[in-house]
Amino acid sequence: MDTLQNLMFGFSTALSANNLFFCFVGVLLGTLIGVLPGIGPVGTVSLLLPITFMMTPVSGIIMLAGIFYGAQYGGSTTSILVNIPGEAASVVTCLDGYQMARQGRAGAALGMSAFGSFIGGTLSVVGLMLLTPFLASIALKFGPPEYFSLMCAGLAIVTYLGSGSVFRSLMMAAFGIILGCVGQDPETGSSRFVFGIPDLLDGIGLPTLAMGLFGISEVLVNIEKNLEDRIIFTAKIKGLLPNRRDWADSLVPMLRGCILGFFLGSLPGGGATIASFASYGVEKKFSKHPERFGRGAIEGVAGPETANNAATGGAFVPMFALGIPSNTLTAILLGALLIYGVTPGPLLIPRNPEIFWGIVASMYIGNVMLLVLNLPLISLWVQVLKVPYKFLFPMILLFCLIGAYSINGSTFEVALMLVFGVLGYLMKKYGYEGAPMVLAFVLGGRIESSLRQSLLISDGSFTIFFIRPISAAAMALMLLMLLSSLLPFIRKRKKALPPDEIS
Amino acid sequence: MKIHFCIGPLFWFAIGFYILIRAWELGIGEIRHPGPGFIFFFAALFLLILNTLDFVSVLCPSRSTIGPVEGQQGKSLWRGVRWGKVLLVLGGLACYVYFFNFLGFVLGTSLLMLFLLKAVEPTRWRTAIVGSMLITLISYAIFCVWLKVPFPEGFIGF
């Protein structure tokens, strides 16, 4: 009953004209950048973060969240029509979706993708709504040792599940913690690594780091490649509604994708990309005709597309309940909430119920908007796909420049963003991942404060992290992740997965 | 041994040692009462240890615990890619930042957009000029007029 009442309260917040408008803008933008290869939801959210400072926290997060799950809808369009994933989580949709398009069934593929995304997105919001308050009530018992251990375990899992070198991922996490602590020491007030620059006394801004590391660097990486012509199916796309046979083949994969996606999305280091790959693997395994996969099997579209959207709802669970993000994008959203003066965690729901329930309700509304937007507007998205990148990238760069300048009205932020842009570009070239760095950056200040508080409580003894049950469990998990990564005879060579939310 | 295998690790060694030394100067305090440099010192130490392990794995790939990393297959990271274009774009952006307050938003942005539209891919002058003006106009309308972001006016006064 309480949940229903809270949800009604959430709808009363989300259905205000302002919030409806920003939800629409968010899902529309999300679909657009999901369609366009060359920019992903992380870069877009980073770009728009400074603009949201002029809105209320609820409106800002509604819009940014809309971009997140909207991109999952849009990414499948290019996968099916062009065989190029619009964003990382739609890579696996290329395998069967494009083959369906070649067989004249682009409409069925696009339609099933949209419905699967809707079902995955909606059911994951139900999960978010039910699980978050429960998890938050447990988290009220957490103290500084539990938070420190959980955050370290989260970072360890993110690096373990990353696509590249584990050593390098951990290095980036360490560097992210260092960057996150730049500024004034909260206890002594002394300046740390500010180099006499007043703008750095409050620390490095998350928008500056994120826009540079993901926005600017992504553009630079795309510029250095030769831009090729894309072959787009221009034949009239008809029959967007899947037939009875399509539904019969896809229903169970969708339900499986939902559960798998929600669970994987809520794990640190999980997310939409891993969920979509896992779903494809599961469907192929369970299928009576696995030889059809890769040749236009509709289950190969329905399952992964449901899973990647279900993962977006799951990703919000640890962020809201514990204040610990599970991936780069929720790390940026968490940073945004902190900038707004809202602290995610177990006290978010009692103190700011309008934020949590408003966002949950807006996600229901957003999923309906996306279903309505995606099916009739497919021909528009096809036109958008034809816009050459040489016209898109100056606008992306300009948005980054304006966004960085608008933070403090200072060109220092813009210059710092360019420095991070160059760093992000070189990191991509030399095989260092940005995701662990951003996650650690957002958590850096809290990791330091919880470590210091824990050591004060325990009078300098590290055993405090091992005698408290929840902290001990998190530490054990962290050590297990690290040991299994570092021991050569246990660690298998991983197939490189595309980095989550970075196209 | 190809030099580009070593660039990354050498860079992080330099960063790590610098942070380690500065953190020590800040003061790491005691275990029971960590000082302002505590987290920096141990994070930098962790960074250096991992970097050493990574460097060893780069030097001895057969005993590596990691998957293949770009550049370890022997391919140069800078051949066959348009790194010159990247430098050109970065140069343009750096000039924009440097002259932003002097030129103002409108003139500075128009010039930057014109430069970017011409610098990377062949574009006709008419298309580039119209495109740069359109982008500047739209961004002025959104950010200055609607969102009221206070951009500098520059020497031309708007």
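A:Phe195 is placed in the loop between strand 2 and helix 9 of chain A, where helices (H or I, at least four residues) and strands (E, at least two) are DSSP runs numbered from the N terminus. Its phi is near 55°, a positive value in a residue other than glycine. The loop between strand 2 (191-192) and helix 9 (206-224) of chain A also holds A:Phe193, which has a positive phi of about 60° although it is not a glycine. A:Phe193 counts as buried because its relative accessibility is 8%, buried meaning under 20% relative accessible area, exposed over 50% and partly exposed in between, with a 1.4 Å probe and protein chains only.

The model is predicted, so that local features need pLDDT of at least 70 and side-chain atom pairs count only at pLDDT 80 or more, while totals for chains, interfaces and linings use all residues. Residues are numbered from 1 along each chain as its sequence is written, chains are lettered from A and ligands numbered from 1 in the order in which they are written, and side-chain values use heavy atoms, with hydrogens and water left out.

Two helix pairs of chain A can be followed next. Helix 4 (residues 57-82) and helix 6 (residues 106-139) of chain A have axes that come within 10 Å and cross at roughly 160°; axes here are lines fitted to C-alpha atoms, for helices over the stretch in contact, and angles run from 0 to 180 degrees between N-to-C directions. Helix 4 and helix 6 of chain A are therefore roughly antiparallel to each other, since angles over 145 degrees count as roughly antiparallel, under 35 as roughly parallel, 65 to 115 as roughly perpendicular and the rest as oblique. On the side of helix 4 of chain A, the residues that meet helix 6 of chain A include A:Tyr73, A:Thr77 and A:Ile80, and among their counterparts in helix 6 are A:Ala109, A:Ser113 and A:Phe118, where contact means heavy atoms within 4.5 Å. By class, this contact of helix 4 with helix 6 of chain A has eight nonpolar, four polar and no charged residues; Ala, Val, Leu, Ile, Met, Phe, Trp, Tyr, Cys and Pro count as nonpolar, Asp, Glu, Lys and Arg as charged, and the others, Gly among them, as polar.

In the second pair, helix 10 (residues 244-266) and helix 12 (residues 299-322) of chain A pack at an angle of about 30°, their axes 6 Å apart, and these two helices are therefore roughly parallel to each other. The contact of helix 10 with helix 12 of chain A divides into 11 nonpolar, nine polar and two charged residues. Its members include A:Asp249, A:Gly257 and A:Gly261 in helix 10, and A:Glu299, A:Gly303 and A:Gly313 in helix 12.

Elsewhere in chain A, helix 15 (residues 353-374) has 22 residues, and 18 of the 22 are buried, so helix 15 of chain A is largely enclosed by the rest of the structure. A:Glu146, which lies in helix 7 (residues 144-161) of chain A, is also buried, with a relative accessible area of 5%. Leaving aside neighbours within four places in sequence, A:Glu146 is in contact with A:Arg468, A:Ile470 and A:Ser471.

Chain B, finally, has five helices and zero strands. Buried residues make up 47% of the 158 residues in chain B, and among its contacts between residues at least 6 apart in sequence, 54% join residues at least 24 apart.

Notes: The expected span of a helix is 1.5 Å times one less than its number of residues.
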